[in-house]
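Biologist: Can you put the model up on screen? I'd like to go through it from the overall fold down to one of the sheets.

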Amino acid sequence: MDGKKLEYKGEEALKEIERLTEKADEVQKSILTEVLTRNCETEYLFKYMEGSKNILEFKRNVPVITYKGIRPYIQRIVNGEDSSLITGHPITEMLSSSGTSAGEPKLMPSIAEDLDRRTFLYNLIMPIMNRYVPGLDEGKAMYLYFIKAEMSTPCGLPARPVLTSYYKSKHFKCRAKDPFNDYTSPDQAILCKDSSQSMYCQMLAGLIHRHQVLRLGAVFASAFLRAITFLEHNWVRLCNDIRTGQLDPLITDLECLSCMSTLLSSPNPCLANEIEDICSRVPWKGILCQLWPRAKYIEAVVTGSMAQYIPALEYYSDGKLPLVSPMYASSECFFGVNLKPLCDPSDAAFTLMPNMGYFEFIPLGENGTMLMNVGEEDEVPNDKLVDLVQVRLGCYYELVVTTFAGLYRYRIGDVLQVSGFHNRAPQFRFICRRNVLLSIDNDKTNEEDLHKSITVAKKLLEPYSALLVEYTSYADASTMPGHYVLYWEIRFHGSSKADHLANIALDDKVLQECCIAVEEELDYIYRRCRTFDKSIGPLEIRVVELGTFEELMDLFINQGASINQYKTPRCIKSIAALELLNSHVKASFFSPRDPKWEKL
């Protein structure tokens with residue numbers, strides 16, 4: 001696909017949205033036909049279709065799969081076999097997903113033209129925003145973007161997160177000058193591999209341009225809040241740089257030094273004093289509007305697990321800046337855009353663009369009740385899936401995607417609800433990730449992974465005649481960075497005297513080692529976020545009094561839960577339940593060090 005044909009500006013972009021959504025059914029059939037035409041001779045499709053390009057045969061014969069179904073082919077490709085195992089085009093890179101398989105990141109195939117598709121969706125955002133917020137071409141955007149660690153596969157293909165792929169591509173680095181996308185951050189700072197130096201330089205650039213900034217944001221709400229915390233800890237240094245016109249000596253990256261020396265061309269004590277006066281005030285409620293007085297909104301993903309950060313964002317903006325989630329995307333495929341970006345975050349709905357891939361849906365019922373009947377690895381009958389234009393208003397679905405790069409009827413794992421239609425294209429609210437308990441940043445920890453980790457850690461209690469009676473968890477976003485909290489109820493064996501001695505022996509160090517033992521067993525993405533990205537704080541274990549989990553059960557039963565079917569929730573989201581647990585905490589312990597993590 002010609003990249004130039006995918007670039008639409010202003011009114012042309014809005015017209016293209018109308019054209020695609022008015023003919024959503026035709027566009028979807030065209031996309032699937034093109035996928036089958038290009039890829040029918042691949043080993044994967046030929047096994048099911050024997051070279052046929054017929055859509056009905058595709059729906060009848062090609063199975064609905066999870067990563068387990070495509071992983072053997074991915075492994076063969078990364079070990080040196082040809083891309084033709086799954087796609088008719090050369091695979092140019094593997095995109096590391098935030099999900100995991102056997103503790104390692106899932107690798108998603110990507111071909112060159114995928115960057116064109118992603119760029120197409122990015123190019124729709126500003127024309128949509130400009131309909132609601134005029135004048136965005138009269139200032140700058142302080143968007144804090146970061147690259148992540150890369151891996152190299154045995155065959156030499158790079159393996160990296162989808163956003164890192166985009167920022168390193170010519171689509172981003174060689175983009176045309178555009179007043180609607182004038183960033184405060186120099187590209188060199190965005191592309192700095194040292195996240196601390198990158199953050200410092202991007203924040204410094206944002207402060208230097210504070211009177212020109214019209215938009216604030218980062219990709220995820222967690223990253224933007226991390227930047228605010230960084231500013232709290234470093235504003236004195238940043239002000240000093242602006243006052244003297246000299247970059248802090250701790251910045252050693254050559255590209256950062258080069259680009260920031262241009263911005264710090266001369267001392268500016270007046271600007272430094274303005275920022276110092278604002279940052280020295282406490283509390284920091286409304287600090288964003290004070291530092292960047294012309295800002296009109298904050299752009300970041302605040303749906304799904306990121307919704308936990310909305311109160312903090314509203315605090316720092318004093319509720320004066322709308323929170324905008326502009327698009328819906330994943331490593332596997334970019335999906336759609338938010339046509340009403342200034343809506344309340346809880347109402348955010350994404351219109352799936354029918355040219356981005358071929359979309360099918362597993363029905364989960366009118367209220368999601370079928371969700372529990374369709375497990376993550378359960379086989380889904382082919383005839384149960386419905387097409388994009390066949391979904392029904394108010395109903396819940398799991399998204400299934402087919403791509404040019406070699407994913408066929410692949411379960412994304414996202415649960416969506418149809419909230420409306422734009423022309424013939426449905427609009428979806430993101431409800432949740434299937435089987436995800438805890439998430440702070442890019443991490444996604446499910447119940448099985450958490451249980452396995454705790455099973456290993458609780459063995460450290462055995463030498464002290466201590467038994468983990470019950471546990472639950474909570475993703476605490478009130479700290480920066482956020483961190484996992486485990487509530488443990490511990491009982492000691494033996495007589496009261498033995499209990500007393502065990503209590504003495506079970507000192508802080510034992511529980512701290514339990515914390516790190518849990519973290520060591522969590523997956524690659526979690527450990528990377530903790531150790532390399534520093535986007536997750538140390539795991540915490542809060543030991544609660546005996547009988548606390550019985551009170552927790554009573555609470556849920558009083559709220560309508562069945563005593564016969566009650567199971568301790570492995571993740572707590574209820575405010576009342578959290579208050580109960582916290583009121584019975586006897587002691588709190590944190591991981592004493594980072595978990596082991598090595599770049600693959």
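Modeller: One term before we start: a contact here means heavy atoms within 4.5 Å. This is a predicted model. Of the contacts in the chain with a separation of 6 or more, 71% are between residues 24 or more positions apart.

Biologist: OK. How many helices and strands does the chain have?

Modeller: There are 21 helices and 20 strands. The radius of gyration is 25 Å, close to the 25 Å that the globule rule gives for 600 residues, so the chain is as compact as a globular protein of that length.

Biologist: And what box do the C-alpha atoms fill?

Modeller: Roughly 75 × 65 × 50 Å, taken along the principal axes.

Biologist: What share of the residues count as buried?

Modeller: 56% of the 600 residues. The accessible surface comes to about 25700 Å², and carbon and sulfur atoms account for 51% of that.

Biologist: Switching to charge. How many positive and negative side chains are there?

Modeller: 66 positive and 78 negative, with the centres of the two sets 2 Å apart.

Biologist: Now the sheet. In what order do the four strands of the open sheet come?

Modeller: The order is β3-β6-β7-β8, with parallel pairing.

Biologist: Which are the edge strands?

Modeller: β3, residues 140-144, and β8, residues 323-324. Each of these pairs on one side only.

Biologist: What joins β7 to β8?

Modeller: Two bridges; β7 covers residues 297-301 and runs parallel to β8.

Biologist: Which residue in β8 is the bridge partner of Glu299?

Modeller: Val324.

Key: Residues are numbered from 1 along each chain as its sequence is written. This is a predicted model: local features need pLDDT of at least 70, side-chain atom pairs count only at pLDDT 80 or more; totals for chains, interfaces and linings use all residues. Side-chain values use heavy atoms; hydrogens and water are left out. The radius of gyration is taken over C-alpha atoms; the globule rule is 2.2 Å times the number of residues to the power 0.38. Buried means under 20% relative accessible area, exposed over 50%, partly exposed in between (1.4 Å probe, protein chains only). Accessible areas come from the Shrake-Rupley method with a 1.4 Å probe; for residues, only the protein chains shown count as cover. Lys and Arg count as positive and Asp and Glu as negative; His and the chain ends are not counted. The place of a charge is taken as NZ of Lys, CZ of Arg, CG of Asp or CD of Glu. Two strands pair if DSSP finds at least two bridges between them.
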